[in-house]
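The sequence and structure come first.

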Amino acid sequence: MDALLHALNGIPVLGLVFQFVEYFITSLPFTAHVAVQLAVPICLAALCGVMCERSGVVNIGLEGIMLTCAFTGWFAGAVVTGVLGPGTPTPIFGFTVPLLLALVAAILAGMLLSLLHAWLSISVRADQIISGAIINIAAIGLTGYMNTLLSTQTLAATSNFSALRIPAAVAGFPVVGWLINALFGQGPIGIATVLIVIIFQILLFRSRWGLRTRSVGEHPRAAETVGIDVIRLRYRNVVMSGALAALGGAYLSMEATNAFQAGMTQGRGFIGLAAMIVGRWTPVGAFGAALLFASSQAISQSISVSPPPGDLGTLLSHVPTQFFDALPYLITIVVLAGLIGRSIAPAADGRPYQRESAS
Amino acid sequence: MSRPSEGRSPVASIVSSVWSLIAVPLLAVLMALVVGAVVIVLSSVLVLKNPFDPTLPLTAYSALALGAFGSYDSVVSTLVLTTPLLLAGLGVGIGFRAGLFNIGAQGQFLMGAVGSVAVAVWFAHTPAVIAIIAALLGGMIAGAAWGFVPGLLKATSGAHEVVTTIMMNYIALAVLAWIVIGPLRQPGSVSPATPSVGVAALPIVLDRSGHIGIFIAFLAVPIAWFLLFRTTRGFEIRAVGANPDAARYAGVKPRRLIVLTMSIAGMLAGLAGATTILGVTHQMNTTFSTSVGFDSITVALLGRSNPIGVMVAALLFGAMRAGAGPMQINAGIPVELVDFIQALILLFLIANVALRRLLRLRGVSGAEQTGFETITRSYGGETTG
């Protein structure tokens, strides 16, 4: 603490700000690339949330769906590898047969869990927050249980998807090279996420499905009177959204790493929910918010890898690393508290729909 | 709660009203155990490639029951593990009564532990009574602060407590790691850990591990009951939970009540953390963690947010936690099974209407649903107040 005060003494604040801006710009190629990597799972969770909540179903079970799918993907990969052998990875993206089958298994698991949530929140008309909490607790329990059981077994090692290597000539291109490298120097799930954001945004606001989804989320009764099957559309959207959260989970255990760890989602599902709110329930907004949350972590990684020189470096080296660990969560709270009044949820969000004729 | 109906003896009507209260939770617990048994058998056959053994669940559950109630030692350890669940569960339950879903018991518990260990180190040279009271208060205040912030955010900006309390949980983890590695680290310790709480350690009054916090927790039950059902503030809390608009119309100030309720909930969870650090672990290291956060939610739901129900549910979960270790050692079933069973209990609780229709069960009334229907509202921009 004394050292921190000493470091602060005699440094003009303005100079520090300039030093930080300079450091930020020089480290941008690294930071941006890391930020997109960290944003991908958060963004996929947020997209799952957007799809659910736009059709009027709150889903806080994202975290659990991601965790389950991270486990399922890794476990299925290990089992299939054990049966079929590892296979030869393709030069781009490192696709192998076991890996692709495992991805399918993870997506199916995500859709199945979402189906449970859909049943509880649409048909049973249970409290949707509790339904989500159930999924989260069950995921922690079941994946932890299986992980402990499996720790006594020897499983075939799995590979993971590899990142697209952007040629140095493109990545080094002035002004835009770093951006191309950040967005597309990623693995298949990372690149798919960027594409899904764009497609989802267009579909949600420019297609018949999008119009119907939004109307079901805003005013289900009105939607029903013009002939939209509210219950069916909600079921379909919630189940489809499970595939998005599943991709987020698979990203963690099949692209970012090649192994599963208990509780490896570390709250990304919940941060995804916050990103959805901050992004005002739009896919592009959610992506932006996910990037915002991820960038604080990316900057802290950049600082620990190559600390900035001079006074700024002295100062930052006295900030405990735990502060940077807590930063995304702090930002989430601040942004939520600041934005929520101006960020309006779909009107029928979280309210079960009951047909007028039904008893 | 009891509604004596005509032509029945009072005893029969009490029995039937008690039955109608406990039938659904009881059924949920039983069904969860059955599904848990299926998982045990399936995972043993499919994952471990063991031969099919239908008695394995019985082995597991009997190891669990023996570990929880098999001896005086194990009963005391059940009570020790019940203590934090009971305190935090009461807090979450009071929150539910006010329509607040406090997922932050985890962080409030951890901050309570941090607060009490910090105070205990500070008060190391005072008489034990003063040190204990100060450390307990320190934990309660730290926990209350961790509940106060989401409450204030909800009241002023409408930020949903489900998201903010979860964020507070992660921030609490970072604070804990920093405290243990940084300011409160025991000088010269090999692995990062705080000094022992010293004189502030809670006296052991039962067997070898039964600290006095057990009595504090069980004493909190009548206090919480009195607060909820016999005071104006308690009435207001329940009114806001049942119908915020009507409550506001009747002169209740929901904003203030939200902050108050979240602070009380945080205080109770903080006390849970304090009793754990002062009565059980006596010091804090980087691996200090807890499952109290999620457990207390299930406890509150299972106990229908009624302090007496919460007490029964906390005992059940305390027993499951106490028996989980022996179950893993003696039957080879991972402790995480308890988490899964917990989720199943919740699932069968909220799906009970549909399940009873599905199973054609009769004689169970589903009317009493306080506690798990109107808990949450959407993230919508609407600010209560």
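## Helix α4 of chain A

In this predicted model, α4(A) is largely enclosed by the rest of the structure, because 19 of its 23 residues are buried. The cut-off behind that count is 20 or more other C-beta atoms within 10 Å of a residue's own.

Helix α4 of chain A covers residues 62-84. The expected value is 1.5 Å times one less than the number of residues. After α4(A) comes G85(A), with a positive phi near 85°.

## Chain B

Chain B contains 14 helices and 2 strands. It has 385 residues, of which 54% count as buried.

Contacts in chain B between residues at least 6 apart in sequence were also sorted by separation: 76% of them join residues at least 24 apart.

## Interface between chains A and B

Across the interface, 44 residues of chain A are in contact with 44 residues of chain B. On the chain A side, the elements that give two or more residues are α6 (128-150), α13 (268-278) and α16 (321-339). The most comes from α6(A), which gives 16 residues to the side that touches chain B.

By residue class, the side of chain A that touches chain B divides into 31 nonpolar, 10 polar and 3 charged residues.

How values were computed: Residues numbered from 1 in each chain as written. Chains lettered and ligands numbered in written order. Predicted model: local features only at pLDDT ≥ 70, side-chain atom pairs only at ≥ 80, totals over all residues. Helix = DSSP H or I, 4+ residues; strand = E, 2+ residues; numbered from the N terminus. Buried ≥ 20, exposed ≤ 12 C-beta atoms within 10 Å, placed from the backbone. Contact = placed C-beta atoms within 7 Å. Nonpolar A, V, L, I, M, F, W, Y, C, P; charged D, E, K, R; others polar.
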